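Take a moment with the picture, then read on with it beside you.

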Amino acid sequence: MTLIISDSFTDSLGKLTNQEQAAVKQTAFDLQVDPSNPGLSFHRVDRAKDKDFWTVRVNRDIRIVVHKRGGSMLLAYVDHHDDAYKWAERRRLEVHPRTGAAQIVEIRERVENIVVKRIVEEAVRKPALLAAETDEALLDCGVPEDWFDDVRRATEDTILDVAGFLPAEASEAILNLAVGIRPETPAVVPVENPFEHPDAQRRFRTLENQDELRHAMDEPWEKWTVFLHPAQREFVTRNFNGPARVIGSAGTGKTVVALHRAVRLAREGGRVLLTTFNEALARALKTKLARLLGNDKSLPGTIVIQNMLSTGIELYEANIGDVSLAGAGQVGKFLEEALAASETPLSVGFVNDEWNLIIDGRNVRSSEDYATVSRTGRRVRMASSKRDATWGVFEAMRKRLDDANLKTRAGMFYELADVFRDGTEAPFDHVIVDEAQDVSEAELTCLAAIAGDRPNGLFFAGDIGQRIFRPAFSWKSVGVEIQGRSRSLKVNYRTSHQIRKTTDVLLPEKLTEVDGQEENRTGVVSVFEGPDPTIRAFDDPDIESDAVSNWLSQRCGDDIQPHEIGVIVRSVEQFERAIQAIENAGHTHHELSGMSASVHGKIGLATMHLAKGLEFRAVVVMACDDGIVPFEDRIQSARDEVALEEVFATERHLLYVACTRARDHLLVTGVEPVSEFLDDLVR
Ligand SMILES: Nc1ncnc2c1ncn2[C@@H]1O[C@H](COP(=O)(O)OP(=O)(O)OP(=O)(O)O)[C@@H](O)[C@H]1O
């Protein structure tokens, strides 16, 4: 007998108490070992339309709903006795009429009258969004026939309710149709077994052995470890003959793809480097990898998870020798000294930008190179005569660094790139970069030298709408060409429809990269709903603090634990305001930094920069005042138009990152005059 598990089973398992879950797991193991064991006491669900639904007894109260057909048994659902039966009576298992994928469908006439009645009543008042859709079009979307009328009657108020009754791909397709995006005709992938169809694998998984069953049940809320969207799966399993990239807005499961792909390549014996921007993100990746692997620790290959800087230092020490890096303060001091000694009439600010963005950032080593280097991202033009004079300052700067036996971070990566380009054996076959929007030019050059010409050598996961640390640059110019191998994910698993819709407006619908590629951010749907986010402006910080305190107290009453709540501010200067609000609500806080994860019983507190990679059920983004977001000092320090645009873009990204850490509840506040970005959020 083949045992299959469905996502509806893991969802329902996650809602039981720990004790009940333990009993369910034991019964599921017994079922896998010997389905004929009389202790399981199979009962057919007599009132079900689908006669293949049965229940299995866990204890006096709990029943597992299974679907038995042919030689396979599907674990479909688990609940208390009556609710388990009701669930099965309302559903049938069928094969999608177009694609051939297996799906569990809710039977329209069995869905509680009240719910459907509300959908119908409300539909009378507002225009129906999909009234003109033909049967063919709805079938193409995967809508079961008995739901056609409800879909056609759906209004903007009821479409989410209707979508909630449909199989996931149908739900995603009609939500897109409702905003004018016509879904692609479904792919017909010929498969013998409807459970093996790519669309089916997002909700069903055939279990090969007890370990897989244990893994699927151990942390049922971590569904991503077992079920992938077909678009995610494609990125995990596909082989690329050049650098490839998965993109998508916040919460679309890019990190999940990066992790699964790392495991897939290591299972094939590859040596994988999974790297990311900072230590906090690397730590989060390690935790997730451990969840994904479960007990399966014996990979034929290897996975090293390390932030970019540590990777660079380790590789340098292994291949070149000891390295001491100059800090930003040290670099600034040397530049000022070099400038003062040169008597060149340039501003310190200009020289700093020129060094960071061009000379050090692009590894310019001679005056000849300086004359021809690309100045993309820097609108300040320079006559060649001026460049000659300026070059002397940078030569002196390099000498100062050499004399002090110091390197810059960029310099270290460029040197490493030369070493690997010259044929030194790299310790990795595959490099996967998460949060790739924040990789620097020097780092990318080095990674390309390590694995750029290997099969499946370079893979990136990122979102240019979340670039918050580094300036954008041309990937092509460092030989990383992803055109034709870059695709976006469109299903948001993290944030509710309501939060996603509100925060999406912070960014333009289309973002253009330096290389000219356009990323269309429309057409994303979320897999669940929640309350509308609240955006509020207050007259003074004390009133803001009181309002935030009240909101926090209410959330804790909503069955949310303090550590599932995050308060996020622009920078540490606003921590005091946040702490006051947290303490007024009768809670304590825990500062989330690169080195520490959340602490049970304490509300998390983070800056917007360090919020990247975090996730909370409820989030407050507070102190969004004018002058704080965007941050006035950064605006003042921008020395040209491009730099100013860059400041506004990255400040917007920061607010977007902060707001999209929320799953179910979001509150954004500021004190008058508030951040100009809040106007967009209430639009
Ligand atoms: N196939 C899936 N099934 C269920 N949950 C998923 C799936 N894929 C991702 N998730 C969940 O969605 C959330 C967001 O996933 P992930 O962190 O990979 O998104 P992301 O695109 O990298 O987000 P960000 O851009 O904000 O970093 C996580 O809680 C993850 O567990």
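## Domains and confidence

Residues are numbered from 1 along each chain as its sequence is written. The predictor's confidence in each residue is called pLDDT and runs from 0 to 100. Its average over the chain is 91, and 96% of the residues score at least 70. The model also has an ipTM of 0.99 and a pTM of 0.93. Where pLDDT is low, the predicted coordinates should not be read in detail.

## Around the ligand

Now find the ligand. It is surrounded by 20 residues, and the closest are W224, G253, K254, T255 and Y493. Here a residue is near a molecule if its C-beta atom, placed from the backbone, lies within 6 Å of it.

Which helix gives the most to this shell? Helix α11 (residues 254-267) does, with 3 residues. Helices (H or I, at least four residues) and strands (E, at least two) are DSSP runs, numbered from the N terminus. Sorted by class, the shell has 6 nonpolar, 9 polar and 5 charged residues. In this sorting, Ala, Val, Leu, Ile, Met, Phe, Trp, Tyr, Cys and Pro count as nonpolar, Asp, Glu, Lys and Arg as charged, and the others, Gly among them, as polar.

## Two nonpolar cores

In soluble globular proteins, nonpolar side chains tend to be buried together. A residue is buried if 20 or more other C-beta atoms lie within 10 Å of its own, exposed if 12 or fewer, and partly exposed in between, with C-beta atoms placed from the backbone. A nonpolar core is a set of buried Ala, Val, Leu, Ile, Met, Phe, Trp, Tyr and Cys residues joined through C-beta atoms within 7 Å.

The largest nonpolar core has 78 residues, and those with the most contacts inside it are I174, A262, V272, L274, V431, L447 and I450. Domain 2 and domain 3 each supply at least three residues to this core. Apart from it lies another core of 47 residues, including L507, V620, V621 and L655.

## A covered helix

Is helix α8 (residues 168-178) mostly covered or mostly uncovered? It is mostly covered, as 9 of its 11 residues are buried. I174 is one of the buried ones. Leaving out residues up to four places away in sequence, I174 touches L130, C141, V143, V151, A163 and L166; two residues are in contact if their C-beta atoms, placed from the backbone, lie within 7 Å.

The cover over the buried residues of α8 includes α6 (148-153), α7 (159-164), β15 (491-492) and β18 (525-526). Just after α8, G180 takes a positive phi of about 85°.

Two loops hold cis peptide bonds. One joins V629 and P630, with omega about -5°, and P630 sits in the loop between β23 (616-621) and α24 (632-637). The other runs from E672 to P673, with omega near -10°; P673 belongs to the loop between β24 (662-671) and α26 (676-682).

Positive phi values also turn up in residues other than glycine. E435 has phi near 55° and lies in the loop between β12 (430-434) and α19 (441-451). E435 counts as buried because 26 other C-beta atoms lie within 10 Å. A623, with phi near 60°, is in the loop between β23 and α24.

M412 is in helix α18 (residues 409-421). It is buried because 22 other C-beta atoms lie within 10 Å. Beyond its neighbours within four places in sequence, M412 is in contact with G312, Y316, V323, L325 and K407.

L681 is found in helix α26. It is partly exposed because 19 other C-beta atoms lie within 10 Å. Not counting residues up to four places away in sequence, L681 touches T502, V505, L506, I535 and V668.

Terms used. Predicted model: local features only at pLDDT ≥ 70, side-chain atom pairs only at ≥ 80, totals over all residues. Domains from an automatic or database assignment.
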